[in-house]
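Keep the sequence and the model side by side as you read.

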Amino acid sequence: MPNPIMEEIITHSAEETTAWGREFAKRLTAPMLVLLSGDLGSGKTTLTKGIVSGLGAAQEDEVTSPTFTLVHVYSAKSAVASVNDTAASAAQPAPPKVYHADLYRIESFHDFETLGLEEMFDTPSIAIFEWSERFPLKSPWPQIRLHLEHAGADSRRITIS
Ligand SMILES: Nc1ncnc2c1ncn2[C@@H]1O[C@H](COP(=O)(O)OP(=O)(O)OP(=O)(O)O)[C@@H](O)[C@H]1O
Ligand SMILES: [Mg+2]
């Protein structure tokens, strides 16, 4: 089996990370799991702001950490995007729902099961998980993993696999 394709980038500010997230969102088609891992403060929520806004599901500042609420759902409005896109967007299916969950405070598999994720799997969505390594997600959806690391001061390394 060939090695999975690995890609790595370094960002130098939170703004650069969200901007990268907006670009990265263009690669995502529902259904898909986006599994984020990385230490506290490595930028998972910051990156998610970019991904969710890139998907057109919410504005960056509407995306907050689901640390205590555990799961947020953003329902994409129909593309506000660009006037030049009218023909293209008319031909596109409705934008996907975006789930953003944080498993950091989930202590047991029972807690994990109370998140209501089964319902999520009923509709092809984009599901972004922080601390995804804490629980194995059983899903037939394709997965993309992003690992974030501190790389000094305001720099972060993002590895995609
Ligand atoms: N290059 C960068 N990319 C992302 N965030 C950065 C960067 N440089 C500095 N920061 C700052 O680091 C912090 C990252 O916080 P964020 O909440 O996104 O991390 P997190 O990985 O979600 O943490 P947690 O595990 O607590 O959920 C923010 O305060 C952000 O402004
Ligand atoms: Mg976070």
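## An exposed loop residue

A153 is exposed, with a relative accessible area of 75%. Exposed means over 50% relative accessible area, buried under 20%, and partly exposed in between, with a 1.4 Å probe and protein chains only. A153 sits in the loop between β6 (143-150) and β7 (156-160). Helices here are DSSP runs of H or I with at least four residues, strands are runs of E with at least two, and both are numbered from the N terminus. A153 and H12 are 141 residues apart in sequence, yet 8.4 Å apart in space, C-alpha to C-alpha.

## Basis of the model

This is a predicted model: local features need pLDDT of at least 70, side-chain atom pairs count only at pLDDT 80 or more, and totals for chains, interfaces and linings use all residues. Residues are numbered from 1 along each chain as its sequence is written, chains are lettered from A and ligands numbered from 1 in the order in which they are written, and side-chain values use heavy atoms, with hydrogens and water left out.

## Overall fold

The chain has five helices and seven strands. Their order along the sequence is β-α-β-α-β-α-β-α-α-β-β-β. The chain has 161 residues, and 42% of them count as buried.

## Magnesium site

Which protein atoms are donors to the magnesium ion (ligand 2)? They are OG1 of T45 and OE of E130, lying 2.1 to 2.2 Å from the ion. T45 belongs to helix α2 (residues 44-54) and E130 to strand β5 (residues 126-130), so the pair ties together parts that are 85 residues apart in sequence. Donors are N, O and S atoms within 2.8 Å of the metal (3.2 Å for Na, K and Ca); water is not among the atoms, so sites may look incomplete.

## Salt bridges

Side chains of opposite charge can pair when their charged atoms come close. The structure holds five salt bridges. Each needs a side-chain nitrogen of Lys or Arg within 4 Å of a carboxyl oxygen of Asp or Glu. E7 bridges to R27, with the closest N and O atoms 2.8 Å apart. E7 lies in strand β1 (residues 7-11) and R27 in the loop between α1 (14-24) and β2 (32-38), so this pair ties together parts that are 20 residues apart in sequence. E7 is partly exposed at 29%. R27 is partly exposed at 43%.

E60 bridges to R22, and here the closest N and O atoms are 2.2 Å apart. This pair links distant parts of the chain: E60 is in the loop between α2 and β3 (71-75), R22 is in helix α1, and they are 38 residues apart. R157 pairs with E149 at 3.7 Å between the closest N and O atoms. E8, E149 and R157 are linked in a network of salt bridges. Both R157, at 25%, and E149, at 31%, are partly exposed.

## Another loop contact

S108 lies in the loop between β4 (97-102) and α4 (109-113). S108 is partly exposed, with a relative accessible area of 27%. S108 and F135 are 27 residues apart in sequence and 8.9 Å apart in space, C-alpha to C-alpha.
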